[in-house]
Amino acid sequence: MHKLIVQNLDLPDADISYIPNFLDPAQAGDIFRELRDSVSWRQDPITVFGKTYPQPRLTALYGNNGKPYAYSNITMHPEPFTPEIRILKEGIEALCAVSFTTCLLNLYRDGRDSNGWHADNEKELGRNPVIASISLGQERFFHLKHRNRTELRHKLLLENGSLLLMQGPTQHHWLHQIPKTARTIGERINLTFRVIK
Ligand SMILES: O=C(O)CCC(=O)C(=O)O
Ligand SMILES: [Fe+2]
């Protein structure tokens, strides 16, 4: 068992921790390849301000209570957890006292793939949700901005094998995004564990 590095972000109205070494790099690489080849990735159309586009990344939903997850006019229905996803879920649950029901996966194929400004504040997540986010493969920047205090912004690099935990009032007060980049970069997989009520 290696010693986890826990970095608590010092941001008002938020409770965010970053654990760069949640998985060791070799283990993260194995899980990345397994998920890239076995997950049923799809590209759904999203509707933003009345216009419909293909979502700029691939996604998939897994879960253990059959409950759908709806965001940006998409409703996703979960497939049962795979063994790899269940092992990651149990690893996170050993750190935080939450039983996650659902995992949303994102595959960013290159720098053109992205995830626009949003908060994970859908009704089915309840109040003050715990969102646990694992990053595999290509590191990408994660941007945060406060909803009301526009001077408050933060950037952090999400590294291979890292875990980001967002909880408390974070989703209420802050938006986050994965911006596009013009650099030539590789693929990244992100898993976000959630409780869907
Ligand atoms: O890819 C990431 O790190 C963020 C994903 C995200 O914010 C989401 O799926 O809600
Ligand atoms: Fe999110």
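Modeller: Let's start with Asn 128. Leaving aside its neighbours within four places in sequence, Asn 128 is in contact with Gln 167, Gly 168 and Pro 169. Keep in mind that this is a predicted model.

Biologist: How far apart are the C-alpha atoms of Asn 128 and Pro 169?

Modeller: They are separated by 5.3 Å, while the two residues are 41 residues apart along the chain.

Biologist: And where is Asn 128 found?

Modeller: In the loop between β10 (115–118) and β11 (131–137). Asn 128 counts as partly exposed, because it has 13 C-beta neighbours inside 10 Å and the buried label takes 20 or more.

Biologist: OK, zooming out. How many helices and strands are there in the protein chain?

Modeller: Three helices and 16 strands. The radius of gyration is 16 Å, close to the 16 Å that the globule rule gives for 197 residues, so the chain is as compact as a globular protein of that length.

Biologist: What box do the C-alpha atoms fill?

Modeller: Roughly 40 × 40 × 35 Å, taken along the principal axes. As for burial, 32% of the 197 residues count as buried.

Biologist: What share of the contacts comes from residues 24 or more positions apart?

Modeller: That share is 73%, taken over contacts with a separation of 6 or more.

Biologist: Now the ligand. Which residues surround ligand 1?

Modeller: The shell is made of Leu 104, Asn 106, Asn 115, Asp 120, Ser 133, Phe 142, Leu 158, His 176, Ile 178, Asn 190 and Thr 192. The elements that each give two or more residues to that shell are β9 (102–108), β15 (174–178) and β16 (188–194).

Biologist: How do the shell residues divide into nonpolar, polar and charged?

Modeller: Four are nonpolar, six are polar and one is charged.

Biologist: What does UniProt list for residues 99–197?

Modeller: An unreviewed UniProt entry lists that span as "domain: Fe2OG dioxygenase". In the model, residues 99–197 are 4% helix and 48% strand, and their end C-alpha atoms lie 11 Å apart.

Biologist: Switching to the inside: how many residues does the largest nonpolar core have?

Modeller: It has 43 residues, and those with the most contacts inside it are Cys 103, Leu 105, Ala 132, Leu 163, Leu 164, Ile 189 and Leu 191. β9 gives the most to this core, with five residues. As general background, nonpolar side chains tend to be buried together in soluble globular proteins.

Biologist: Pick Leu 164. What does it touch?

Modeller: Not counting residues up to four places away in sequence, Leu 164 touches Ile 16, Tyr 18, Ser 133 and Leu 158. Ser 133 and Leu 158 are also among the residues around ligand 1.

Biologist: And Phe 32, buried or exposed?

Modeller: Phe 32 counts as buried, because it has 21 C-beta neighbours inside 10 Å. This residue lies in helix α1, and beyond its sequence neighbours up to four places away, Phe 32 touches Leu 136, Gly 137 and Ile 189.

Biologist: Ala 26 next: where is its place, and is it buried or exposed?

Modeller: Ala 26 sits in helix α1 too, which covers residues 25–38. With 9 C-beta neighbours inside 10 Å, Ala 26 counts as exposed. Its C-alpha atom is separated by 8.9 Å from that of Gly 161, 135 residues apart along the chain.

Biologist: Where are Asp 13 and Phe 49 found?

Modeller: Asp 13 is in the loop between β1 (7–8) and β2 (15–19). Phe 49 is in the loop between β3 (45–48) and β4 (51–54). Asp 13 is partly exposed, with 15 other C-beta atoms within 10 Å, whereas Phe 49 is exposed, with 4.

Biologist: Last one: what does Lys 67 touch?

Modeller: Setting aside residues up to four places away in sequence, Lys 67 touches Thr 101, Glu 124 and Ile 196. Lys 67 lies in the loop between β5 (58–63) and β6 (69–71).

How values were computed: Residues are numbered from 1 along each chain as its sequence is written. Chains are lettered from A and ligands numbered from 1 in the order in which they are written. This is a predicted model: local features need pLDDT of at least 70, side-chain atom pairs count only at pLDDT 80 or more; totals for chains, interfaces and linings use all residues. A residue is near a molecule or strand if its C-beta atom, placed from the backbone, lies within 6 Å of it. Ala, Val, Leu, Ile, Met, Phe, Trp, Tyr, Cys and Pro count as nonpolar, Asp, Glu, Lys and Arg as charged, and the others, Gly among them, as polar. UniProt positions are given in the numbering used here, feature names are shortened, and annotations may be inferred rather than shown by experiment. A nonpolar core is a set of buried Ala, Val, Leu, Ile, Met, Phe, Trp, Tyr and Cys residues joined through C-beta atoms within 7 Å. A residue is buried if 20 or more other C-beta atoms lie within 10 Å of its own, exposed if 12 or fewer, and partly exposed in between; C-beta atoms are placed from the backbone. Two residues are in contact if their C-beta atoms, placed from the backbone, lie within 7 Å. The radius of gyration is taken over C-alpha atoms; the globule rule is 2.2 Å times the number of residues to the power 0.38.
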